[in-house]
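This report is written for a reader who is meeting the structure for the first time. Please keep the sequence and the model in view while reading.

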Amino acid sequence: MRLLLIIYGIILILGVTAMFTGIYYLANIAGFISAIGLMLIFFKDRPDKESALDLKMRRYWYVVFATGIFFSIIFGSFWNNTMGNMA
C-alpha cells in the first residue's frame with residue numbers, strides 16, 4: 001500500500017506541476033510511468049483464485065495509472081504546441 005501511495009504521489013506531483021508551470025514534459029513523464037506500470041499490472045501472471053485484497057489492490061493500481069495517463073493526455077499532449085514541429 002505504501003508503494004501505491006508513493007507512485008500516486010509522484011504522478012500527482014508531476015501532473016499538477018505540469019498544469020501550473022506549463023512544462024508538458026512533466027506530464028509526459030507521468031504518462032510514461034503510468035503506461036509502464038499499467039503493462040506490468042495488466043500482463044502480470046495471476047493465480048486462478050485471487051483473494052479479495054489482491055483484487056482490490058489491482059483495481060487501485062488501475063486507478064493510479066489511469067490518473068497518470070489522464071494527466072499525460074490532457075496536460076502533456078494537448079498543451080504541446082510544438083508537437084510534430086508544426087509551430
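## Basis of the model

This is a predicted model, in which local features need pLDDT of at least 70 and side-chain atom pairs count only at pLDDT 80 or more, while totals for chains, interfaces and linings use all residues. Residues are numbered from 1 along each chain as its sequence is written, and side-chain values use heavy atoms, with hydrogens and water left out.

## Overall layout

The protein chain holds 3 helices and 0 strands, and its elements follow the order α-α-α from the N terminus; helices (H or I, at least four residues) and strands (E, at least two) are DSSP runs, numbered from the N terminus. Of its 87 residues, 29% count as buried, a term that stands for under 20% relative accessible area, with exposed meaning over 50% and partly exposed in between (1.4 Å probe, protein chains only).

Among contacts between residues at least 6 apart in sequence, 70% join residues at least 24 apart, where contact means heavy atoms within 4.5 Å.

## Helix 1 against helix 3

Helix 1 (residues 2–21) and helix 3 (residues 52–77) have axes that come within 10 Å and cross at roughly 15°; axes are lines fitted to C-alpha atoms, for helices over the stretch in contact, and angles run from 0 to 180 degrees between N-to-C directions. That angle makes helix 1 roughly parallel to helix 3, since angles under 35 degrees count as roughly parallel, over 145 as roughly antiparallel, 65 to 115 as roughly perpendicular and the rest as oblique. The crossing of helix 1 with helix 3 is left-handed, meaning that the near helix is turned anticlockwise from the far one by less than a right angle, whereas clockwise would be right-handed.

On the helix 1 side the contact is made by residues including Leu3, Ile7, Tyr8, Ile11 and Leu12, and on the helix 3 side by residues including Trp61, Val64, Phe65, Thr67 and Phe71. By class, this contact of helix 1 with helix 3 has 14 nonpolar, 3 polar and no charged residues (Ala, Val, Leu, Ile, Met, Phe, Trp, Tyr, Cys and Pro count as nonpolar, Asp, Glu, Lys and Arg as charged, and the others, Gly among them, as polar).

## Helix 1 against helix 2

Helix 1 also packs with helix 2, at an angle of about 155° and with their axes 7 Å apart, which makes helix 1 roughly antiparallel to helix 2. This crossing, too, is left-handed. Ile10, Ile11, Leu14, Thr17, Ala18 and Thr21 in helix 1 meet Leu26, Ala27, Ile29, Ala30, Ile33 and Ser34 in helix 2, and the residues of this contact divide into 9 nonpolar, 3 polar and no charged.

Threonine 67, in helix 3, counts as buried at 17% relative accessibility. Its side chain reaches the backbone oxygen of valine 63 at 2.8 Å, and, leaving aside neighbours within four places in sequence, threonine 67 is in contact with Tyr8, Ile11 and Leu12.

Isoleucine 33, in helix 2, is partly exposed at 29% relative accessibility. With neighbours within four places in sequence left aside, isoleucine 33 is in contact with Ile10, Ile11, Leu14 and Phe65.

Definitions and conventions
A polar contact is a pair of N or O atoms within 3.5 Å; within protein, one must be able to donate a hydrogen and the other to accept it, and residues adjacent in sequence count only if both atoms are side-chain atoms.
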